[in-house]
Amino acid sequence: VLPSATWKFTIMKTSTADAPPNARSPDDAWAINRLLMNWMAPVAWRGFRRPLTQDDLPGIPRPLEMADIAERTRALWAAERKKEKPSIVRGLWWPLSRAAFLEGSALSVLTALVNTVGKPLLLLYMTRSFDPAYGISKEVSFGLAAVLTVALWAENWSRAHGMHYAGDRAVLRALSGTIQLVAEKSATLRVGVGKEGAETTLVGNDLMRSVEFLKFFPMFVTSAVSLVCGVVLLLVFLGWVALVGLGTMALVLTCTVSLSRLAKRYQQRALAAADKTVNALREGVEGVRLVKMQSWEEAFCEHIARFRADELSQLRRFRVLTIFTICMGRGSPVLASCVTFLVFSYAGATPSPDVIFPALLVFQSLRVPFIMLPLFFSIFTAILVSVERTSAHLLLADQPATTALERVMELFGAPQLD
């Protein structure tokens with residue numbers, strides 16, 4: 001009833017408004033509309049009545065406007081460069097994205113608590129409600145079912161908003177500031193320092209890959225909290241037998257960590273090969289007249305293809321190791337639950353339904369941690385390589401500051417006096 005009422009009220013309030021929707025940011029919506037994501041109702045209603053145009057779409061959220069990011073980025077990096085060991089993560093990314101990151105992380109923690117603690121405990125008491133020995137009334141059973149419904153909604157809502165704040169807003173603010181610094185560095189870089197076309201490779205390759213990887217960070221927060229809570233609940237439900245299943249998962253995790261170290265090596269090689277590919281393409285574009293005049297098109301295409309083949313070879317190895325790591329993490333909870341209940345039965349214990357079903361649900365909730373946490377090591381190493389390359393480029397020497405008179409004398413020479 002509440003979502004329907006707020007949705008209808010939002011449409012009645014805005015459907016006759018003359019101002020375009022993009023005059024308002026989603027951040028300007030009421031708290032209840034942000035909670036239920038009803039700020040999209042006016043856009044959906046207009047799209048139902050007529051085709052949408054650019055003016056019908058909501059405006060850019062204020063935290064993502066470059067007017068706010070640009071000046072702060074310059075000030076932060078200027079202060080960071082004065083330190084002994086400057087870091088774009090500590091000095092730029094964290095201050096720019098701290099608020100959105102913390103908000104998204106808090107929502108990710110809520111997702112983990114609902115998924116790993118709330119749902120298994122509710123299932124435990126719902127299962128016991130079918131046993132007359134516990135004396136749970138029907139009213140309480142229906143109440144537990146209603147709470148479980150709310151828990152399912154809260155889990156999905158907090159996951160979506162956590163991914164949005166920590167995986168989109170925080171990442172985009174950090175990316176926007178870093179791209180600005182790289183672009184400004186290309187205008188002030190001292191002649192002869194650094195690689196030609198390095199800014200193209202950093203923006204199009206390193207930073208874009210880092211953005212795609214950083215979008216998974218809220219899932220890492222959820223996975224870490226779920227792992228701790230899941231281990232505690234399994235020990236409560238199954239006792240020492242839970243250590244068998246957890247040991248199986250730990251063994252798989254150890255193997256995946258070793259694979260992630262190997263993946264880092266291939267990631268570094270892939271980035272180095274990508275630099276060679278971009279440089280070869282740049283040479284072809286800059287010397288296109290000579291290439292056409294000498295009919296070197298096929299030879300130059302083969303020259304570029306050799307660099308590209310080496311790059312794809314390293315990328316293929318990195319991706320294969322990453323997918324293999326994901327598959328091992330995905331199958332780990334299934335294998336661990338089978339081993340755990342086999343040991344549980346051989347130990348002479350008779351598990352009851354109010355133990356089996358919650359324990360299985362906890363094992364299933366541990367699938368994401370054992371998929372994402374091994375993947376985290378591969379992603380972390382890939383981001384670390386890109387951060388080191390970007391920091392090294394931003395710390396290169398700049399052109400010395402010159403006055404207007406010195407610049408004129410450099411171009412035309414000193415005046416000769418008779």
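I'll start with one contact. Gly230, Leu233, Leu234, Phe237 and Leu238 of helix H8 meet Val355, Pro358, Ala359, Val362 and Phe363 of H12. Sorted by class, that contact has nine nonpolar residues, one polar residue and no charged ones. Before I go further: this is a predicted model.

How do the two helices lie relative to each other? H8, residues 217-238, packs against H12 at an angle of about 160°, and the axes are 10 Å apart. The cut-off for roughly antiparallel is an angle over 145 degrees, and H8 and H12 are therefore roughly antiparallel. The crossing of H8 and H12 is left-handed.

Next, H12 with H11. H11 covers residues 297-346 and H12 covers residues 353-365; their axes come within 9 Å and cross at roughly 150°. H11 and H12 are therefore roughly antiparallel to each other as well. H11 passes H12 in a right-handed crossing. On the H11 side the contact residues are Pro333, Ala336, Ser337, Thr340 and Phe341, and on the H12 side they are Ile356, Ala359, Leu360 and Phe363. By class that gives seven nonpolar residues, two polar and no charged. Ala359 and Phe363 of H12 are in this contact, and Ala359 and Phe363 also meet H8.

Which way does H5 run against H12, roughly parallel or roughly antiparallel? The axes of H5 and H12 come within 9 Å and cross at roughly 160°. That angle makes H5 roughly antiparallel to H12. The crossing here is right-handed.

From H5, the residues in contact are Asn115, Thr116, Lys119, Pro120, Leu123, Leu124, Thr127 and Arg128. From H12 they are Pro353, Asp354, Phe357, Pro358, Leu361, Val362 and Ser365. By class, the H5 and H12 contact has eight nonpolar, four polar and three charged residues. Pro358 and Val362 of H12 are in this contact, and Pro358 and Val362 meet H8 too.

Two details on H5 itself. Where does H5 bend? H5, residues 88-128, bends by about 65° at arginine 98. At the start of H5, a side-chain oxygen of serine 87 reaches to within 3.3 Å of the backbone nitrogen of valine 89.

To recap the handedness: H12 has a left-handed crossing with H8, a right-handed crossing with H11 and a right-handed crossing with H5. That's what I have.

Terms used:
Residues are numbered from 1 along each chain as its sequence is written. This is a predicted model: local features need pLDDT of at least 70, side-chain atom pairs count only at pLDDT 80 or more; totals for chains, interfaces and linings use all residues. Side-chain values use heavy atoms; hydrogens and water are left out. Axes are lines fitted to C-alpha atoms, for helices over the stretch in contact, and angles run from 0 to 180 degrees between N-to-C directions. Helices (H or I, at least four residues) and strands (E, at least two) are DSSP runs, numbered from the N terminus. Angles under 35 degrees count as roughly parallel, over 145 as roughly antiparallel, 65 to 115 as roughly perpendicular and the rest as oblique. A crossing is left-handed if the near helix is turned anticlockwise from the far one by less than a right angle, and right-handed if clockwise. Contact means heavy atoms within 4.5 Å. Ala, Val, Leu, Ile, Met, Phe, Trp, Tyr, Cys and Pro count as nonpolar, Asp, Glu, Lys and Arg as charged, and the others, Gly among them, as polar. The bend at a residue is the angle between axes fitted to the seven residues ending there and the seven starting there. A polar contact is a pair of N or O atoms within 3.5 Å; within protein, one must be able to donate a hydrogen and the other to accept it, and residues adjacent in sequence count only if both atoms are side-chain atoms.
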